[in-house]
Amino acid sequence: FPVENIRNFSIVAHVDHGKSTLADRLLELTGTIDKTKNNKQVLDKLQVERERGITVKAQTASLFYNCEGKQYLLNLIDTPGHVDFSYEVSRSLSACQGVLLVVDANEGIQAQTVANFFLAFEAQLSVIPVINKIDLKNADPERVENQIEKVFDIPSDECIKISAKLGTNVESVLQAIIERIPPPKVHRKNPLRALVFDSTFDQYRGVIANVALFDGVVSKGDKIVSAHTQKTYEVNEVGVLNPNEQPTHKLYAGQVGYLIAGMKDVTEAQIGDTLCLHKQPVEPLPGFKSAKPMVFAGMYPLDQSEYNNLKSAIEKLTLNDSSVTVHRDSSLALGAGWRLGFLGLLHMEVFNQRLEQEYNASVILTTPTVPYKAVLSSSKLIKARRAVQKNMIFIDQNRVMLKYLFPLNEIVVDFYDSLKSLSSGYASFDYEDAGYQTAELVKMDILLNGNTVEELVTVVHKDKAHSIGKAICERLKDSLPRQLFEIAIQAAIGSKIIARETVKAYRKNVLAKCYGGDITRKMKLLKRQAEGKKKLRKIGNVEVPKDAFIKVLKTQ
Ligand code: GDP
Ligand code: MG
C-alpha cells in the first residue's frame with residue numbers, strides 16, 4: 001500500500017459529543033461493517049463500556065476508502081472523552097497525524113474539548129473541527145463555529161457540520177481526512193521500527209500488541225527484539241484491526257495493526273515499547289510519559305486464598321491499562337493486598353468493574369485518598385487552602401472558561417456531581433496537576449475504648465476532620481456487634497476527641513435459642529460461634545469482626 005494513500009487519525013471530543021457514533025458511520029460508509037440499524041458504538045467492545053455507555057479504551061480500526069480512482073487506507077482510533085482517560089488519548093495521538101475534533105452543536109466547546117485540542121496541537125497534528133448533532137432542535141452550529149474560531153483560532157469555514165446519528169454530511173468528513181491530514185512520514189526501506197501503543201493479554205495467544213510502524217516491514221516468521229526487555233521472539237501473526245483482528249502477510253511502515261509473537265508474560269510488550277528486527281537494532285522511539293496517579297485506594301481479595309488469582313488478574317489488566325500504578329500493601333484487618341493509583345474516581349470504578357467482569361475477581365476496595373507530602377516541622381504552619389482563581393476567558397456571551405487552583409482532595413470525590421447539579425448540567429470540568437501546596441492537615445485516630453484502630457488512621461483536612469470523624473464513628477457503630485460491655489467509639493486528633501458514638505452493652509446468649517436439651521444443636525452453634533471468632537480482631541478488649549472494617553473502609 002503506497003504510503004501517500006495512508007491516513008492515521010484519532011477522533012477526540014468531550015464525553016457524549018458523538019465520537020463513537022461518528023466512528024460507526026465511518027465504518028459503515030467505507031463498507032468495513034454492514035449498515036444495519038444495530039450499529040451503536042461498535043468500537044466500544046468492553047462490557048463496562050456498553051453498560052456505562054462510555055468509551056474507556058481507545059480502539060483501532062482500519063478502513064479502506066475509494067476516492068477519485070485511488071484507494072486509501074484510513075486508520076481510525078476512537079478515544080475516550082472523560083478526563084480520567086486522557087492518558088489513552090495522548091497515547092493514541094502518537095500513532096496519528098491528525099484528529100477529528102468533534103463538538104456537539106448544542107453544547108458547544110466543553111472542558112475536554114479544550115484539553116483534547118491542546119493535546120493534538122502540542123503533538124503538531126492537523127485538527128479537523130467537526131460540529132455534530134446538527135439534527136437536534138436546539139442545535140446552533142454557527143455559535144459553535146464562532147467559539148471554535150475564538151478559542152482555537154481555526155477559521156470557521158474549516159468546520160464540517162454533520163449529524164453522526166443520521167449520517168448527514170459524514171462523507172465530507174472522509175474527504176477532509178484525505179485532503180487535510182498528511183500521510184505518515186515513514187521509511188519502508190529502513191529497518192523495522194514499531195511502536196507498541198496498546199497491548200492486551202489473551203489467555204490462549206498471550207500478549208497481543210497494537211503497533212504503529214514508523215519504519216520498515218514486519219512479516220510472520222520474522223525474529224524481533226523488544227527494546228525494553230531485549231528478549232527475542234518469532235512473529236506468529238500480524239494483521240490489521242477491521243475492527244476485529246484480520247491476519248495479513250505483512251505490515252508496512254505507516255500502517256497500524258497488531259502483532260502476536262509468543263509473549264506469554266504480562267511484563268513483555270509493555271505499552272510504549274519499540275520492536276525491531278533481531279539482526280537490525282534501531283534507536284528506540286521515545287515511548288510515553290508515565291501517567292501520574294491522582295487517587296489512591298487499597299485493594300484486597302475478599303478471601304486471602306484468592307490472593308494469587310487476584311494478583312495475576314491485576315497484572316493482566318494493568319498491561320491493558322498502564323496508567324494504573326500498583327504497590328504491594330497489607331492491612332491488619334484485610335490481609336495482603338495492594339495500593340493502587342488511578343487517574344480519577346471513574347477510572348478507579350471502571351478498573352474495579354473490569355476486574356470483576358473480565359477476570360471474575362471479587363475485591364474489597366478501600367476509600368480513595370489523594371497523595372500528600374509530609375514535611376515535618378516544629379509548628380504546623382500555613383493558611384487555610386481555598387480555591388484560588390487563576391484566569392477567566394469568555395468563550396462567547398453565554399459561556400465562560402474559569403481556571404482555579406484547587407486542593408485535589410476537594411475535587412476528587414464529589415465536586416463534579418455538585419458542579420453539574422449547581423449548573424443544571426451546563427458546566428463541565430477538567431483538571432491537571434498543579435504540584436504540591438502546603439495545607440493544614442491532621443492525623444485522625446479512631447479509638448475503641450481508648451485503643452487506636454490502626455487500620456482506620458487517616459489524614460484529613462483540619463476543617464473537615466469533625467464531619468469525617470463523625471461519619472466513620474457512625475458507620476462503625478452500625479457494624480459493630482454489641483458485646484458484654486459498653487464500647488466507646490471515638491475520633492481523635494492527638495489527645496482531643498472530636499466525635500463519639502457508643503455501642504451499648506449486651507449479653508449475647510447464643511444458646512438461648514435452643515429450647516430443650518438438643519446437645520448436638522448446641523455444639524454446632526458453639527462451633528459456629530468459635531469459627532466466627534477467628535475472623536475477629538481484638539483491639540484492646542473489643543472484638544471487631546472483619547466485616548466491620550470492610551464496611552467502614554469500603555467505598556460506598
Ligand atoms: P462519545 O462519548 O463522544 O463517544 O459519544 P457517543 O457516540 O457515545 O454518543 C453519545 C450520545 O449522543 C448517544 O446517545 C448518541 O446516540 C448521541 N448522538 C451521537 N451523534 C448524534 C447526532 O448526530 N445527533 C443526535 N441527535 N444524537 C447523537
Ligand atoms: Mg465513545
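## Basis of the model

A residue is called buried under 20% relative accessible area, exposed over 50% and partly exposed in between, using a 1.4 Å probe and protein chains only. By that scale Phe118, at 35% relative accessibility, is partly exposed.

This is a predicted model, in which local features need pLDDT of at least 70, side-chain atom pairs count only at pLDDT 80 or more, and totals for chains, interfaces and linings use all residues. Residues are numbered from 1 along each chain as its sequence is written, chains are lettered from A and ligands numbered from 1 in the order in which they are written, and side-chain values use heavy atoms, with hydrogens and water left out.

## Aromatic pairs

A pair of aromatic rings is described by the distance of the centres and the angle of the planes. Here rings of Phe, Tyr and Trp (its six-membered ring) pair if their centres lie within 6.5 Å; planes under 30 degrees apart are stacked, over 60 edge-to-face, and the rest tilted. The structure holds 6 such pairs. In one of them, Phe117 and Phe118, the ring centres are 5.2 Å apart and the planes stand at 80°, so the pair is edge-to-face. Phe117 is buried, with a relative accessible area of 5%. Phe117 and Phe118 belong, with Phe121 and Phe152, to one aromatic cluster.

Tyr307 and Trp338 make a stacked pair, because their ring centres are 4.7 Å apart and their planes lie at 10°. This pair links distant parts of the chain: Tyr307 is in helix H7 (residues 307-320) and Trp338 is in strand S19 (residues 335-342), 31 residues apart. Helices (H or I, at least four residues) and strands (E, at least two) are DSSP runs, numbered from the N terminus. Both Tyr307 and Trp338 are buried.

Strand S17 (residues 295-301) is largely enclosed by the rest of the structure, because 7 of its 7 residues are buried. Both faces are covered: Val295, Ala297, Met299 and Pro301 are buried on one side, and Phe296, Gly298 and Tyr300 on the other.

Two strands are said to pair if DSSP finds at least two bridges between them. S17 pairs with S19 in the antiparallel sense over 5 bridges. Within that pairing, Met299 has Trp338 of S19 as its bridge partner, and Trp338 is also the residue whose ring stacks with that of Tyr307. S17 also pairs with strand S20 (residues 363-365), again antiparallel, over 3 bridges. There Pro301 stands opposite Val363.

Lys289 sits in the loop between strand S16 (274-277) and S17. At 75% relative accessibility, Lys289 is exposed. Lys289 and Arg91 are 198 residues apart in sequence, yet their C-alpha atoms are 9.1 Å apart in space.

Strand S2 (residues 59-67) is mostly covered, with 7 of its 9 residues buried. S2 runs antiparallel to strand S3 (residues 70-78) and is joined to it by 9 bridges; Thr60, for one, stands opposite Ile77 in S3. The two strands form a hairpin with 2 residues between them, and Glu68 in the turn has a positive phi of about 45°.

Strand S12 (residues 237-241) is also mostly covered, with 4 of its 5 residues buried. It has antiparallel links to strand S13 (residues 245-248) through 4 bridges and to strand S15 (residues 256-260) through 3 bridges. Leu241 stands opposite Glu245 in S13, while the bridge partner of Glu237 in S15 is Ile260. S12 and S13 form a hairpin with 3 residues between them.

A residue is counted around the ligand if one of its heavy atoms lies within 4 Å of it. Of the 16 residues around ligand 1, Asp16, Lys19, Thr21, Gln41 and Asp135 come nearest. The shell divides into 3 nonpolar, 8 polar and 5 charged residues. In this grouping Ala, Val, Leu, Ile, Met, Phe, Trp, Tyr, Cys and Pro are nonpolar, Asp, Glu, Lys and Arg are charged, and the others, Gly among them, are polar. Helix H1 (residues 19-29) gives the largest share of the shell, 3 residues.

Polar side-chain atoms approach oxygen atoms of ligand 1 at 2.9 Å from Ser20, 2.6 Å from Thr21 and 3.0 Å from Asn132. Taken alone, ligand 1 exposes 580 Å², of which the protein buries 83%; accessible areas come from the Shrake-Rupley method with a 1.4 Å probe, and for residues only the protein chains shown count as cover.

How values were computed:
A polar contact is a pair of N or O atoms within 3.5 Å; within protein, one must be able to donate a hydrogen and the other to accept it, and residues adjacent in sequence count only if both atoms are side-chain atoms.
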